[in-house]
Amino acid sequence: MDAPLDRDWPLDHVARLRLTRPDVRNAINRTVLTAFHDHLDALADRDVRALVVTGTEDTFSVGADLNAVQAMDPSAARTFSRLGNELFARLEAFPCPVIAAVNGYALGGGCELACACDLRYAVPSARLGQPETTLGMIPGWGGTFRLPDIVGRAAAKELVLTGEPVGAPEAREMGLVHRVFDAATFAEDILERARTVA
């Protein structure tokens with residue numbers, strides 16, 4: 001099985017973690033969460049001053065792998081939820097700045113993953129949102145408490161209660177992303193920002 005996450009060091013003192021499940025739009029399952037924790041452990045031994053989290057192709061992450069979740073019994077679902085919350089709290093408290101490079105869809109847990117990062121940059125075609133309510137659920141990995149801190153209570157309520165995603169320009173206006181970069185130079189622009197932060 002291919003690794004669900006890869007790590008590289010594109011510049012001095014900058015590390016990049018990339019979700020690598022493009023066949024399921026980088027949906028997050030238990031394997032992804034465990035691999036994320038393992039990579040963060042490995043980074044503790046490196047002189048990392050900025051960490052970039054991104055996805056593949058045109059997707060950052062569409063959130064939790066719903067096929068995997070539907071197969072879980074209540075105990076496994078609680079464990080999965082806790083593992084996700086622990087990971088996002090760990091990212092939020094990571095000892096160096098963490099940058100979300102939102103290269104496309106960031107929905108549900110994908111949006112919550114971005115919200116756990118210190119800085120969020122996006123391509124113009126990115127879509128961000130919390131569509132859990134359209135599936136009869138609520139955001140379970142921080143959308144109910146990190147999102148209001150970022151965009152304010154009113155905007156967060158609309159995103160959560162309607163489940164409607166927003167495009168990158170609107171996300172920029174509400175403060176959900178800090179800046180929108182051209183897709184053609186996105187990777188280079190993000191690495192330049194990470195080098196500045198580092």
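Contact here means heavy atoms within 4.5 Å. What you're looking at is a predicted model, where local features need pLDDT of at least 70, side-chain atom pairs count only at pLDDT 80 or more, and totals for chains, interfaces and linings use all residues. Residues are numbered from 1 along each chain as its sequence is written, and side-chain values use heavy atoms, with hydrogens and water left out.

**View 1. Threonine 54 and its contacts.** Threonine 54 sits in strand 3, residues 50-54 (strands are DSSP runs of E, at least two residues, and helices are runs of H or I, at least four, both numbered from the N terminus). Its relative accessible area is 10%, so threonine 54 is buried (buried means under 20%, exposed over 50%, partly exposed in between, with a 1.4 Å probe and protein chains only). Skip the neighbours within four places in sequence, and threonine 54 is in contact with Arg16, Leu17, Arg18, Leu19, Phe60, Ala101 and Asn103.

**View 2. Leucine 147 in helix 5.** Helix 5 covers residues 146-151. With 0% relative accessible area, leucine 147 is buried. Not counting residues up to four places away in sequence, leucine 147 touches Cys115, Gln130, Gly142, Gly152, Ala156, Leu159, Val160 and Leu176. Glutamate 57 is 90 residues from leucine 147 along the chain, and their C-alpha atoms are 25 Å apart.

**View 3. Glutamate 158 in helix 6.** Helix 6 runs over residues 153-162. Glutamate 158 has 53% relative accessibility, so this residue counts as exposed.
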